[in-house]
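User: I would like to learn how to read pockets in a protein model. Please use this one as the example.

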Amino acid sequence: MVDYCFIGLGNRNNGIGNPNIQVSKSGKVICLGMDLLDAVNYLKQHKVKIDCFVVLNEGLSEGGGKFAGNSDMFIGYVMPILSDEYIHIMNKSYYGHNYHVTMDLPYLMTEIFVGDQDYLNPFIFSDDSYHKGNAKVFRMKKHISVKYLNINPNIQLSIIQDSIWNYTDELGLLATSITPQGQGNFFDRLNKVISLKKFSVTEILDICVKKKIEAIGLTPWTHGKYSTFIDQIKNYSEEYPKVISLFHLNMKDYRSLKELA
């Protein structure tokens, strides 16, 4: 269980040296008093895999919530610790049009109804009356796709519908275009991560040449207009990078590029 409001409320004698982490006597329940993004890092370090992901009413109006736990930004970051098939409980109507919550993700998504196998009552996790009739339970099965673009024989260029965070070990540089949604400069502080809002593709390629980076990943940028990028890669003659992977979560991203595949 993760709740930013737990910060500072823990018992310093919890045996693990962190007052913001509380463990039940059975050891089956852990309360993490930290930001959701920081909690993902904690769970990664402890090699946790999530079989049931529940985000209901994260207090965005008056509870101190900074960003939507069901946003593409956060789900993309949490994907490395989600099981390939898991249960997802949420209330999409809770967000209105104020947050980027699409659920247009690289998963086969099937709703689970009352009486079906694996159904979990959302009110186990929240008794907020607002969720009545709106909270849904889904079975999520990972479904990634890869398309290769033969633009330059010296560069392996591909479009991958998957989270870029699933490839941090394979990439020498991750160029992201994440829009600020309350997460501050969290991503800019991560190892090997650079912002497409601060550096142009030309500058990023120059960094690859200087540091001899072989493989880089990028997330959608430039509002879907990639003709300049295509020309740039087509005429690129430097030795580095050798592999460029374009990652996306939403189905329609990179539409103009996919037409070349």
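Analyst: Start with the elements around the largest pocket: β2 (30-32), α1 (36-45), β3 (50-54) and α2 (72-78) each give at least two residues to its lining. Helices (H or I, at least four residues) and strands (E, at least two) are DSSP runs, numbered from the N terminus. The model is predicted, with local features needing pLDDT of at least 70 and side-chain atom pairs pLDDT 80 or more, while totals for chains, interfaces and linings use all residues. Residues are numbered from 1 along each chain as its sequence is written, and side-chain values use heavy atoms, without hydrogens and water.

User: How is a pocket found, and how much space lies in the largest pocket?

Analyst: Rolling a probe the size of a water molecule over the atoms shows where empty space is left. On a 1 Å grid over the protein atoms alone, where a 1.4 Å probe fits, a pocket is an open set of points with protein on both sides within 12 Å along at least five of seven lines; lining residues have an atom within 4 Å of a point. Here the largest pocket holds about 1,400 Å³. Its lining has 38 residues, with M1, V2, D3, L36 and V54 the closest to the centre.

User: Which element supplies the largest share of that lining?

Analyst: α1 does, with five residues.

User: What about the second largest pocket?

Analyst: About 740 Å³ of space lies there. Of its 31 lining residues, S177, I178, T219, P220 and D253 are the closest to the centre. α2 gives the most to this lining, three residues.

Conventions:
Points joined across faces, edges and corners; volume = space filled by probe spheres on them.
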